[in-house]
Amino acid sequence: MSVASVFPRLEAKLPSVQKPIQYVGGELNSVVKDWDCAASSETGGPTVRWALMYPDAYEVGLPNQGVQILYEVLNERDWILAERTYSVWPDMEKVMREEQIPQFTVDSHRPVGAFDLFGLSFSTELGYTNMLNALDLAGIPLHAADRGEDDPVVIAGGHAAFNPEPIADFVDAAVLGDGEEVVLAISEVVREWKAEDRPGGRDELLRRLAVTGNIYVPRFYDVAYAADGSIEAVVPNRPGIPFRVRKHTLMDLDQWPYPANPLVPLAETVHERFSVEIFRGCTRGCRFCQAGMITRPVRERSIKTIGDMVENGIRKSGFEEVGLLSLSSADHTEIGDVAKGLADRYEGSNVSLSLPSTRVDAFNITLANEFSRNGRRSGLTFAPEGGSERMRKVINKMVTEEDLIRTVAAAYSHGWRQVKLYFMCGLPQETDEDVLAIADLAKRVIAKGREVSGRNDIRCTVSIGGFVPKPHTPFQWAPQLDHEATDERLRLLREVVREDRKYARAIGFRYHDGKPGIVEGLLSRGDRRVGRVIEEVWRDGGRFDGWSEHFSYDRWMASAEKALAGTGVDVDWYTTRERDYDEVLPWEHLDSGLDKDWLWGDWEDALAAADGADIEIEDCRWTPCYDCGVCPEMGTEIQVGPTGQKLLPLSVV
């Protein structure tokens with residue numbers, strides 16, 4: 001039986017909302033299938049239906065590569081239907097509630113509540129209230145315990161899913177790691193269960209997913225708390241459920257060249273480009289970086305596959321900018337050959353190439369010239385992260401001040417006029433002096449730029465984010481700096497920059513205040529009790545907490561005080577408190593492959609570095625293994641070149 005589109009009811013209301021085009025669908029390369037597509041397929045059997053969501057506005061969600069890849073991987077199977085949905089703005093939410101229009105997909109405007117699976121990808125925890133809003137608009141019971149057999153199975157993925165405990169009451173399952181293979185495995189389990197006429201109902205389907213050992217189903221685990229509020233244990237509550245759930249790691253990225261049919265938005269989005277992931281994972285060992293820790297090991301795409309993906313993406317999308325993405329793109333073994341090959345191929349065309357933020361010690365002028373050969377020479381971005389050399393040793397970002405000055409001198413002397421530097425405030429063991437050192441570094445950058453270029457129109461933009469300790473990193477035990485101290489350090493830094501007339505106008509200063517970081521810290525290291533806070537915030541009108549104009553710190557604090565009353569814990573307990581080795585962390589039953597003793601040893605190394613010890617954890621791509629645990633634990637290996645391949649130039653059309 002087909003499911004009716006809500007578009008006839010929606011269309012008449014579109015003129016009353018902002019940016020109505022974001023709700024229309026019909027993007028180039030989008031896919032619309034029959035509701036019962038498996039019936040007409042060669043394989044036959046039941047159709048498995050996914051609604052995929054990036055829980056933010058269309059302009060942020062559509063470019064998200066994770067959702068695009070899963071959308072394509074799923075729709076390649078003739079028995080799977082996958083559609084997309086995004087968070088609706090408050091004006092559209094008001095219309096939908098008044099007209100009783102449920103949360104819908106943009107592909108065919110079918111109600112999300114009619115699908116078998118509702119998959120949400122969280123790159124940040126600040127999307128949790130948007131998830132609750134989507135569930136409510138879809139008519140799906142907010143709490144997993146209240147859902148029936150006909151409600152979708154709600155599955156969380158993305159980086160934030162490595163600690164899904166704060167949303168454990170709201171999701172049926174969570175997936176850790178790479179999604180390409182596991183979404184197909186989940187689909188097979190659902191298909192088999194439906195073909196058998198749904199034996200055992202929803203509970204049996206979730207049991208089948210959980211016993212694989214790779215899919216976390218919170219309802220099958222009980223959490224016990226000690227008198228002091230800490231966790232005593234997290235244990236399975238039925239036979240056959242594993243004590244630890246393992247992450248998924250996709251090997252041989254050349255076999256997964258997605259997206260092959262990139263979506264081209266109808267409305268303006270935050271990234272107007274075609275992106276190619278050139279490798280996955282990072283082993284640089286920056287202690288603050290959750291993404292680098294949880295995506296290990298490094299797996300590179302070959303130069304030939306990168307070239308084929310770029311050519312295919314340009315042809316199928318019409319985008320004129322190509323971004324070569326990864327956590328540290330200039331670290332690709334053959335990045336020089338990739339840059340030269342692509343620059344040769346597209347020279348004289350309107351195609352431009354870009355790299356995201358580049359490590360200071362991986363940058364060279366030859367590489368930069370190749371990437372700017374066919375496009376405009378925009379600013380260069382580097383991320384020293386720590387203002388002082390002492391802080392960079394604490395976080396294992398082993399870049400000296402002289403390295404940075406030498407790099408920017410080369411850039412300014414070769415015609416660049418703008419450099420952007422990223423730093424963090426509130427890092428473990430940080431002092432006021434460490435933050436004020438950012439000003440000295442920025443001034444040195446400007447002075448060197450003026451010296452080597454002979455010009456005064458040199459610019460340096462300093463961008464500062466608040467540090468938030470994350471699970472599965474050496475800093476998971478660290479106390480978070482309170483928002484008052486963060487704001488005071490940023491105020492001092494801003495004053496120091498502004499007071500120096502010689503440099504003030506040449507230095508741009510961008511920063512976020514400390515309050516959103518405290519909320520993110522509560523959500524990133526929270527346990528199941530924090531779910532009550534999220535629900536209270538949502539019921540009080542919380543939406544789009546990642547947007548400064550919608551975020552309300554006071555709402556979060558008032559909701560936390562109400563929701564955590566009587567639990568013996570509060571916001572400070574989750575954020576500004578230091579943990580010790582013996583404390584059971586909320587995510588310890590979720591296996592990222594990283595050995596706890598190795599993480600703890602690295603945390604101790606950070607503390608020693610703060611006291612002056614000269615300790616560096618090197619990149620295991622180029623040095624012997626230092627026993628983080630991932631490769632033996634996950635049965636994986638580092639996959640890097642050189643492959644010896646060359647990128648043959650294509651004639652430009």
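**A buried arginine and its surroundings**

Mentor: Arg-529 is placed in the loop between α16 (515-524) and α17 (530-539). The model is a predicted one, and the remarks below should be read accordingly. With a relative accessible area of 4%, Arg-529 falls under the 20% limit and is therefore buried. The side chain of Arg-529 is joined to that of Asp-527 by a polar contact of 2.7 Å. Leaving out residues up to four places away in sequence, Arg-529 touches Tyr-225, Gly-229, Leu-564, Thr-567, Val-569, Trp-573 and Tyr-574.

Thr-305 belongs to helix α9 (residues 303-317). Thr-305 has a relative accessible area of 12% and is buried. A polar contact of 3.1 Å links the side chain of Thr-305 with the side chain of Ser-302. Apart from residues up to four places away in sequence, Thr-305 touches Asp-254 and Pro-257.

Burial can also be followed along a whole helix. In helix α3 (residues 65-75), 10 of the 11 residues are buried, so α3 is largely enclosed by the rest of the structure. At the start of α3, a side-chain oxygen of Asn-64 comes to within 3.3 Å of the backbone nitrogen of Gly-66.

The largest nonpolar core has 127 residues, of which Trp-50, Phe-118, Met-131, Ile-167, Ile-186, Phe-475 and Trp-556 touch the most other members. Setting aside neighbours within four places in sequence, Phe-118 is in contact with residues including Ala-51, Met-53, Thr-85, Val-112, Pro-152 and Ile-155. A second, separate core has 34 residues, including Leu-421, Ile-446, Cys-460 and Val-462.

The axes of helix α13 (residues 401-413) and helix α14 (residues 432-453) come within 9 Å and cross at roughly 35°. The crossing of α13 past α14 is right-handed. Among the residues that meet are Leu-404, Ile-405 and Val-408 in α13 and Leu-441, Val-445 and Val-452 in α14. By class, this contact of α13 with α14 has 8 nonpolar, 3 polar and 4 charged residues.

Definitions and conventions
Residues are numbered from 1 along each chain as its sequence is written. This is a predicted model: local features need pLDDT of at least 70, side-chain atom pairs count only at pLDDT 80 or more; totals for chains, interfaces and linings use all residues. Side-chain values use heavy atoms; hydrogens and water are left out. A nonpolar core is a set of buried Ala, Val, Leu, Ile, Met, Phe, Trp, Tyr and Cys residues joined through side-chain atoms within 4.5 Å. Buried means under 20% relative accessible area, exposed over 50%, partly exposed in between (1.4 Å probe, protein chains only). Contact means heavy atoms within 4.5 Å. Axes are lines fitted to C-alpha atoms, for helices over the stretch in contact, and angles run from 0 to 180 degrees between N-to-C directions. Helices (H or I, at least four residues) and strands (E, at least two) are DSSP runs, numbered from the N terminus. A crossing is left-handed if the near helix is turned anticlockwise from the far one by less than a right angle, and right-handed if clockwise. Ala, Val, Leu, Ile, Met, Phe, Trp, Tyr, Cys and Pro count as nonpolar, Asp, Glu, Lys and Arg as charged, and the others, Gly among them, as polar. A polar contact is a pair of N or O atoms within 3.5 Å; within protein, one must be able to donate a hydrogen and the other to accept it, and residues adjacent in sequence count only if both atoms are side-chain atoms.
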